[in-house]
Amino acid sequence: YREILGIYPGRTERTVEIDADRLATLRQLLDPIDPEALRAWSAKVLAQPVHSLLGPLGPFVDRLSERLDKRVDFRVLGADLCTDPDAIQPALGVLSHLIRNAMDHGLEAEHERGSKPAVGSLELRFAESAHSLIVEVEDDGRGIDIARIRERALQVGVLEPDAGPDLDGEELVPMIFVDGVSSKAEVTDTSGRGVGMSAVRDVMQLAGGTVRVHTEAKTLRLRPLIGCRIELVEGLNFFA
């Protein structure tokens, strides 16, 4: 491994750069070996900063903001976190779904924001726990329209008519992951078909991760973000 990485006795540099061919060779050497400590070591060796993996999210938000006619203050926090590119890729692959939903479903038009700042707030955050990588997308919009979710769930048949009224918001929020259930009253070229969040769920489950949603209906910004938060968790022994 030292030869592949270019680490020799007396070398004092704290970082090492290797080309793609040597990286592939290193992966082949490590794959047959299973000990947890070695896997953790290899993950650190192969880790890259999140910001180098994100792609052009800023321009994506700018274009969508213009299309929706909504001003958005978009911030990315924790992007200096170094992680295994393969481990984070499923979460990065669904970020466009989550950002689109936050901007189209959650953030209100400027004239609808009441006492909140006219410019909507959207944050993308990266963090680590003991065994998991956590990615959060949070906006300060109106929150999820629970009444609309109940209505659509009844229409597509995932709720029985006599069960719908007894369910509270916490029980109805997971319905956004069901095909055909959307909080948008109309289908547009941006969203409303009720398939985006089910795709997010499927991708994360296939990767061994999970998705959690928290929503609050607020009209006054009392802290930076309070509308809707969607958290993607991927890793070992994640939240049972």
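**Notebook: a look around a predicted chain**

**Entry 1, D69.** I began with D69, which is exposed because its relative accessible area is 66%, over the 50% cut-off. I am working from a predicted model, so I keep that in mind as I read. D69 sits in the loop between α4 and β2 (72-77). Its phi is near 60°, a positive value in a residue other than glycine. I noted that most residues other than glycine have a negative phi.

Next I stepped back. I found nine helices and seven strands in the chain. Of its 240 residues, 40% count as buried. I also looked up contacts with a separation of 6 or more, and residues 24 or more positions apart account for 67% of them.

How do the axes of α4 and α6 cross? I first reminded myself that two packed helices are described by the angle between their axes and the distance between the axes. For helix α4 (residues 57-68) and helix α6 (residues 95-106), the axes come within 11 Å and cross at roughly 30°. Angles under 35 degrees count as roughly parallel, and α4 and α6 are therefore roughly parallel to each other. Their crossing is right-handed.

I then listed who makes the contact. From α4 come L57, F60, V61, L64, S65 and L68, and from α6 come L95, S96, I99, R100, M103 and D104. I sorted these contact residues into eight nonpolar, two polar and two charged.

Which residues touch the most other members of the largest nonpolar core? This core has 42 residues, and the ones I wanted are L54, L95, M103, L124, F126, V135 and L232. The elements giving two or more residues to the core include α4, α6, β4 (120-128) and β5 (132-139). Also among them are α5 (85-93), α7 (146-156) and α9 (196-206). In soluble globular proteins, nonpolar side chains tend to be buried together.

Leaving out residues up to four places away in sequence, L95 touches L54, L57, L124, F126, V135 and V137.

Technical notes. Residues are numbered from 1 along each chain as its sequence is written. This is a predicted model: local features need pLDDT of at least 70, side-chain atom pairs count only at pLDDT 80 or more; totals for chains, interfaces and linings use all residues. Side-chain values use heavy atoms; hydrogens and water are left out. Axes are lines fitted to C-alpha atoms, for helices over the stretch in contact, and angles run from 0 to 180 degrees between N-to-C directions. Helices (H or I, at least four residues) and strands (E, at least two) are DSSP runs, numbered from the N terminus. Angles under 35 degrees count as roughly parallel, over 145 as roughly antiparallel, 65 to 115 as roughly perpendicular and the rest as oblique. A crossing is left-handed if the near helix is turned anticlockwise from the far one by less than a right angle, and right-handed if clockwise. Contact means heavy atoms within 4.5 Å. Ala, Val, Leu, Ile, Met, Phe, Trp, Tyr, Cys and Pro count as nonpolar, Asp, Glu, Lys and Arg as charged, and the others, Gly among them, as polar. A nonpolar core is a set of buried Ala, Val, Leu, Ile, Met, Phe, Trp, Tyr and Cys residues joined through side-chain atoms within 4.5 Å. Buried means under 20% relative accessible area, exposed over 50%, partly exposed in between (1.4 Å probe, protein chains only).
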